[in-house]
Amino acid sequence: MSSPLEFPWLSALVLLPLLGAFGIPLLPQSRWARWYALAVGALDLGLMAYIFGWHYDLRDFSLQLAERYAWVPQIGFHWSLAVDGLSFPLVLLSGLITTLAIVAAWNLTHKPRLFFFLLLLMYGAQVGVFLAQDLLLFFLMWEIELVPVYLLIAIWGGPQRQYAATKFILYTAAASIFILVGSLAMAFGSEGFSLEMAELGAKSYPLALQILAYAAFLIAFGVKLPVFPLHTWLPDAHSEASAPISMILAGVLLKMGGYGLIRLNVGILSEAHVYFAPVLAVLGAVNIVYGALAALGQNYLKRRLAYSSIAHMGFVLIGIAAFTELGLNGALLQMISHGLIAAVLFFLTGITYERTHTLALDKLGGLAKQMPKAFALFTAGSLASLALPGMSGFVGELTVFLGLITSDAYAPTFKAGIALLGAVGIILTPIYLLSMLRQVFYGAQDPGLVLEDYLGDLRPREMAVALCLLLPILGIGLYPRLATQTYDVTTVAVAAQLRSALPTEIVQRPLLPVQPAQVAALPPTD
């Protein structure tokens, strides 16, 4: 592994799509916008692969490739970027899904310049969120991402797009204020004003201040994840957004909420996490059961998948609350897995709508004969979503459950109750997903359904997008280390830090052998 060069690699990852977006208005023809956007997206994704392949050390749990430049020194605002095991896989996930979303929007004809301009702007902001190490920069990138999503839904969405876009921006913009509140509370809450995450994590805060900041971040990230009852914007946004935007919304944007919880709530406010973790576990179980039951009652294909996303994010909450390395591993793996699975399902849903002009389940049926390739890939994605062994969904959910069950931070009855509720959700998931497949692809075709014959089954471009998502799902399911090796050493360090915040009588032993050189020593046992 070669040592990192002095070139600002991470700044290049963020600024390439952000600044590249402003080249689109200069293109002489609108039809060139898609090629330009694809070139920028693919170049950024290739740059990610190069940087993480040659300049990133998987064995090092600390922040790497750090960059820090004074931006507004009068208020302590720095352009500060770095990457570690928490952000590495999510940056790659963001690059892959957004680039594929550009390909998925290939046939767009309405205002293509503006569409791809907003898509690249959102691309850069997403990467910036995962790499930012200054809380004000984190907040800025978070806010930049909101505006493109609002416009992409409001302009290219369905019949109720204005309502869905307005609801999205109201929920997420209002919630993001709490990021600023929590950040300023920590910055002013100790000696020496600082917004650097590393410096804030090294300071000690009064427990009351930690609880205040934790609650503020929980609201902000809970809306994004989303957590019940802050979830109601998501089904409407998915229902009205076009397929490429739904791919990014479910595949990347929801993961920003989970990332924020792990990076800030768990990583910096670990003492407050001791008090909030049981609440997260309960909310996770509620998410799973409520999302599954709500999905079962939906007659609109995208709304069913939207509620399925809410259910699957419940496993992320339980993993975060487990106080074990297995739990954190499972939470990250679930985010990666769900990002890929949700993206392919929403993409194929868009393909179905292009052919049928409806997503009402009672008006579909019998499409397997006309669209056998779409049927096969939709079935594969659904099986991955219901956690079929051999696919990534199974590994993620299993790891979360093992992390919870092996945790010694909770009473056995509490763990049993959470596991039981999670099991109910796991039972309901195949019911609503397999019934969805039956309604869409099996049985007799609705006489009123008119297929676009000239479109036919999946084209090579569409097959390529779906396979680029399904192959990693299968690869991670068969060999989970493809994903877990990117963050293993980091979750060991975070789990050890969490256990050091637990009361001494709970800490019986380290969960895994932990090297003193890697993490702070655990508190002594009785």
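Tutor: A surface patch is built from residues with over 30% relative accessible area and no salt bridge, where like charges are joined within 9 Å and nonpolar side chains (Val, Leu, Ile, Met, Phe, Trp, Tyr) within 5 Å. Accessible areas come from the Shrake-Rupley method with a 1.4 Å probe, and for residues only the protein chains shown count as cover. The model is predicted: local features need pLDDT of at least 70 and side-chain atom pairs pLDDT 80 or more, while totals for chains, interfaces and linings use all residues. Residues are numbered from 1 along each chain as its sequence is written, and side-chain values use heavy atoms, without hydrogens and water.

Student: Which residues form a nonpolar patch on the surface?

Tutor: The patch consists of Ile177, Phe178, Val181 and Ile219, which together have about 310 Å² of accessible area. Helix 6, spanning residues 161-188, gives the most to this patch, with 3 residues. Helices (H or I, at least four residues) and strands (E, at least two) are DSSP runs numbered from the N terminus. Phe178 has its place in helix 6.

Student: Why does Phe178 count as partly exposed?

Tutor: Buried means under 20% relative accessible area and exposed over 50%, with partly exposed in between (1.4 Å probe, protein chains only). Phe178 is partly exposed because its relative accessibility is 32%.

Student: Turning to pockets, what volume does the largest pocket have?

Tutor: Rolling a probe the size of a water molecule over the atoms shows where empty space is left. A pocket is an open set of points on a 1 Å grid over the protein atoms alone, where a 1.4 Å probe fits, with protein on both sides within 12 Å along at least five of seven lines; lining residues have an atom within 4 Å of a point. A volume is the space filled by probe spheres set on the points, which are joined across faces, edges and corners. Here the largest pocket has a volume of about 880 Å³. It is lined by 33 residues, of which Ser242, Ala243, Gly350, Tyr353 and Glu354 are the closest to its centre.

Student: Which helix gives the most to the lining of the largest pocket?

Tutor: Helix 13 does, with 7 residues. At least two lining residues come from each of helix 9 (233-240), helix 10 (243-266), helix 13 (325-356) and helix 18 (460-478). By class the lining holds 17 nonpolar, 11 polar and 5 charged residues; Ala, Val, Leu, Ile, Met, Phe, Trp, Tyr, Cys and Pro count as nonpolar, Asp, Glu, Lys and Arg as charged, and the others, Gly among them, as polar.

Student: How many residues line the second largest pocket?

Tutor: The second largest pocket has a volume of about 650 Å³. Its lining has 30 residues, and Gly201, Gly267, Ile268, Val494 and Gln497 are the closest to its centre. Helix 20 (488-501) is among the helices that each supply at least two lining residues, and helix 20 gives the most, with 7. This lining divides into 15 nonpolar, 11 polar and 4 charged residues.

Student: How many salt bridges does a search of the whole structure find?

Tutor: A salt bridge is a side-chain nitrogen of Lys or Arg within 4 Å of a carboxyl oxygen of Asp or Glu. The search finds 11. One of them joins the side chains of Arg68 and Glu196 at 3.1 Å, N to O. This pair links distant parts of the chain, 128 residues apart: Arg68 belongs to strand 1 (residues 64-72), and Glu196 to the loop between helix 6 and helix 7.

Student: Are Arg68 and Glu196 buried or partly exposed?

Tutor: Arg68 is partly exposed, because its relative accessible area is 46%. Glu196 counts as buried because its relative accessibility is 7%.

Student: Which parts does the pair of Asp236 and Arg303 tie together?

Tutor: The side chains of Asp236 and Arg303 meet in a salt bridge at 3.1 Å, N to O. Asp236 is in helix 9 and Arg303 in helix 12 (residues 301-321), so the bridge ties together parts 67 residues apart in sequence. Asp236 is buried at 14% relative accessibility, whereas Arg303 is partly exposed at 22%.

Student: Which residues do salt bridges that share partners join into one network?

Tutor: Glu462 and Arg461 form a salt bridge at 3.8 Å, N to O, and both residues are buried. Shared partners join Glu354, Arg355, Arg461 and Glu462 into one network. Glu354 is also among the residues closest to the centre of the largest pocket.

Student: Finally, the backbone: where is a cis peptide bond found?

Tutor: One joins Leu225 and Pro226, with omega about -5°; another runs from Phe228 to Pro229, with omega near 10°. Pro226 is in the loop between helix 8 (207-224) and helix 9, and Pro229 is also in the loop between helix 8 and helix 9.
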